[in-house]
Amino acid sequence: MGVIASGTVLGAKPTDTPDQVTAILGSDFAENTLDGLSMWRDYGMVEFFWGRESRDHAWTGHHFTLQVHRLSAGGGTVNRVIRERYGRFDRHLRYDKLERLLTRRGVHMEDVPDSNAPAYTLHWQPASQVSVMVCRSHERGVPRRGSARIGDVYAVSSSMSAEQVAWYRSRYGGQNALVPSDVRGSGGRDTA
């Protein structure tokens, strides 16, 4: 809920430098680069992404993604700093539960049409520019242990601008109907 409301991960913004993010999340990460011009660091469930014009330029923060679906595998998926702050995480985060808790805090989500529909739905928080992708069908039609269930949050990402949302709506608005709210699944305990 904190990420969606603030647009940050424990204060780390999508535009922060690699050193700024590491100062917040710690030095336990895997670093990946494709061509020396794009890089991402995997801090367990959280990934931050950067780019630069050339190898002579500094890294510029682009976005972050919380790979929430990784929680279903259990184990040490969650970064130590995040775990110390928030405690233990359940293996699944239900979107209906998350949305209900956010609404109680005055944080509202908007539905956004997306190319991944109907297998996934996309939701957006305008103030923080955070998007939430939700699983609406089983991967390859077969549910298995350690995979996202229908109604689970798959990923949380920042930043998605109003211009991007407008483009998604113009591109996919007429093609893919969003799943009605009565199919969002049943809740559970109110502890997100």
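Rings of Phe, Tyr and Trp, taking the six-membered ring of Trp, count as a pair if their centres lie within 6.5 Å. In this predicted model, such ring pairs link F29, Y43, F48, W50 and F64 into a cluster. Across the whole structure, a search finds nine aromatic pairs.

**Stacked aromatic pairs**
- W40 and F49 form a stacked pair, with 6.1 Å from centre to centre and 20° between the planes.
- W40 has a relative accessible area of 23%, so this residue is partly exposed.
- F49 counts as buried because its relative accessibility is 17%, and buried means under 20%.
- F48 and W50 also form a stacked pair. Their centres are 6.2 Å apart, and their planes are at 25°.
- Both F48 and W50 are buried. Both also belong to the ring cluster, along with F29, Y43 and F64.

**A charge over a ring**
- R52 lies over the face of W59. The distance to the ring centre is 3.9 Å.

**Around Q67**
- Q67 is located in the loop that runs between β4 (60-66) and α3 (80-86).
- With a relative accessibility of 14%, Q67 counts as buried.
- The side chains of Q67 and H69 make a polar contact at 3.0 Å.
- Neighbours within four places in sequence aside, Q67 is in contact with M45, E47, Y154 and A155.

Terms used: Residues numbered from 1 in each chain as written. Predicted model: local features only at pLDDT ≥ 70, side-chain atom pairs only at ≥ 80, totals over all residues. Heavy atoms only, no water. Phe/Tyr/Trp six-rings, centres within 6.5 Å; stacked < 30°, edge-to-face > 60°. Buried < 20%, exposed > 50% of the residue type's maximum accessible area, 1.4 Å probe, protein only. Lys NZ or Arg CZ within 6 Å of the ring centre and 35° of its normal. Helix = DSSP H or I, 4+ residues; strand = E, 2+ residues; numbered from the N terminus. Polar contact = N/O pair within 3.5 Å; in protein donor to acceptor, adjacent residues only side chain to side chain. Contact = heavy atoms within 4.5 Å.
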